[in-house]
Amino acid sequence: MTCMKRVCLRPDLKACRGGPMLWGTLCFFITCIAQYFLYNGGVLATERKERDQAVEKRVVELVNHARAQGIKCGSTYYRAASAVAWNDTLGKASLMHSLDMAEKGLLYHTGSDRRDPGDRITRLGYVWSAYGENVAEGYHSPEEVVKGWLKSKGHCENIMNPSFKEAGSAHVRGQGGIYWTLLLAAPGKMMSLAP
């Protein structure tokens with residue numbers, strides 16, 4: 001892989017702007033190497049995924065447990081829905097968003113690159129017909145975060161939406177706490193441009 005295939009320069013890295021040419025070049029390469037490890041399957045990202053894969057999949061298991069039983073979201077009862085299957089692309093998009101939130105110390109749906117969840121999963125090659133995203137900060141376990149989402153009407157409705165068939169999740173520890181992302185989606189159909 002060459003550096004040009006990775007996101008090596010990000011607009012939020014203001015420390016790399018300006019200054020002498022040597023400093024700018026050095027900063028570019030340091031940024032490129034750091035982002036390789038954090039975002040593009042480098043050693044740190046691989047270790048992080050191996051270390052937390054059970055936790056990430058546990059979130060989806062707990063989501064499926066709630067979907068299997070049916071639950072009241074606010075004042076609306078949602079009947080049981082079919083289980084969502086783990087999807088690696090949704091998991092990677094969740095990880096990238098959790099990393100972004102942890103880096104900024106902010107909880108949001110639109111990333112620092114101004115992409116919304118649909119943009120993020122599309123960029124990774126996921127073709128969707130519907131999606132939903134839940135984010136949270138400060139919970140210490142999958143059980144806590146899913147319980148918190150189920151107590152919130154909008155988050156609960158995402159979890160119980162019967163149109164969603166796949167999911168991925170991630171969490172990253174940042175200065176403000178642990179940042180959680182859950183992406184749920186319904187795959188779409190690839191459209192052919194051929195006549």
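1. Two strands are taken to pair if DSSP finds at least two bridges between them. Helices (H or I, at least four residues) and strands (E, at least two) are DSSP runs, numbered from the N terminus. On these terms, β5 and β6 pair in the antiparallel sense over nine bridges. Ala167 stands opposite Leu184 in β6, and β5 and β6 form a hairpin with two residues between them.

2. The model is predicted, and its local features need pLDDT of at least 70, side-chain atom pairs count only at pLDDT 80 or more, and totals for chains, interfaces and linings use all residues. Residues are numbered from 1 along each chain as its sequence is written, and side-chain values use heavy atoms, with hydrogens and water left out.

3. Overall composition. The chain has six helices and six strands, and along the sequence these follow the pattern α-α-β-β-β-α-α-β-α-α-β-β. Of the 195 residues in the chain, 41% are buried; buried means under 20% relative accessible area, exposed over 50%, and partly exposed in between (1.4 Å probe, protein chains only). A contact requires heavy atoms within 4.5 Å. Among contacts between residues at least 6 apart in sequence, 67% join residues at least 24 apart.

4. The sheet. Strands of a sheet pair through backbone hydrogen bonds, either parallel or antiparallel. Here four strands form an open sheet in the order β3-β5-β6-β4, with mixed pairing. The edges are taken by β3 (85-86) and β4 (128-137), each of which has a single partner strand, so one side of each is left without a neighbour in the sheet.

5. Pairing within the sheet. β3 and β5 run parallel and are joined by two bridges; the bridge partner of Ala85 in β5 is Glu166. β4 runs antiparallel to β6 (residues 177-187), with nine bridges between them, and Ala130 has Ala186 as its bridge partner in β6. How enclosed is strand β5 (residues 166-174)? Eight of its nine residues are buried, so β5 is largely enclosed by the rest of the structure.

6. Helices against the sheet. Axes are lines fitted to C-alpha atoms, for helices over the stretch in contact, and angles run from 0 to 180 degrees between N-to-C directions. Helix α5 (residues 142-151) lies across β4 and β6 and runs at about 60° to β6. Helix α6 (residues 153-160) also lies across β4 and β6, at about 135° to β4.

7. The α5 and α6 packing. These two helices pack at an angle of about 105°, with their axes 5 Å apart. That makes α5 roughly perpendicular to α6; angles under 35 degrees count as roughly parallel, over 145 as roughly antiparallel, 65 to 115 as roughly perpendicular and the rest as oblique. On the α5 side the contact involves Trp149, Leu150 and Lys151, which meet Lys153, His155, Cys156 and Ile159 in α6. The residues of this contact divide into four nonpolar, one polar and two charged. In this classification Ala, Val, Leu, Ile, Met, Phe, Trp, Tyr, Cys and Pro count as nonpolar, Asp, Glu, Lys and Arg as charged, and the others, Gly among them, as polar.

8. The disulfide. A disulfide is a covalent bond between the sulfur atoms of two cysteines; the criterion applied is a pair of cysteine sulfur atoms within 2.5 Å. The structure holds one disulfide, formed by Cys73 and Cys156 with their sulfur atoms 2.0 Å apart. The link of Cys73 and Cys156 is left-handed, with -60° about the S-S bond. The pair links distant parts of the chain, Cys73 being in strand β1 (residues 71-73) and Cys156 in helix α6, 83 residues apart. Cys73 counts as buried at 0% relative accessibility, and Cys156 likewise counts as buried at 0%.

9. Ser98. This residue is located in helix α3. Is Ser98 buried or exposed? Ser98 is buried, with a relative accessible area of 0%. Not counting residues up to four places away in sequence, Ser98 touches Ala170, His171, Val172, Tyr179, Trp180 and Thr181.

10. Leu106. This residue lies in the loop between α3 (88-104) and α4 (117-123). Leu106 is partly exposed, with a relative accessible area of 47%. Leaving aside neighbours within four places in sequence, Leu106 is in contact with Met101 and Tyr179. Leu106 and Tyr179 are 73 residues apart in sequence, and their C-alpha atoms are 8.8 Å apart in space.
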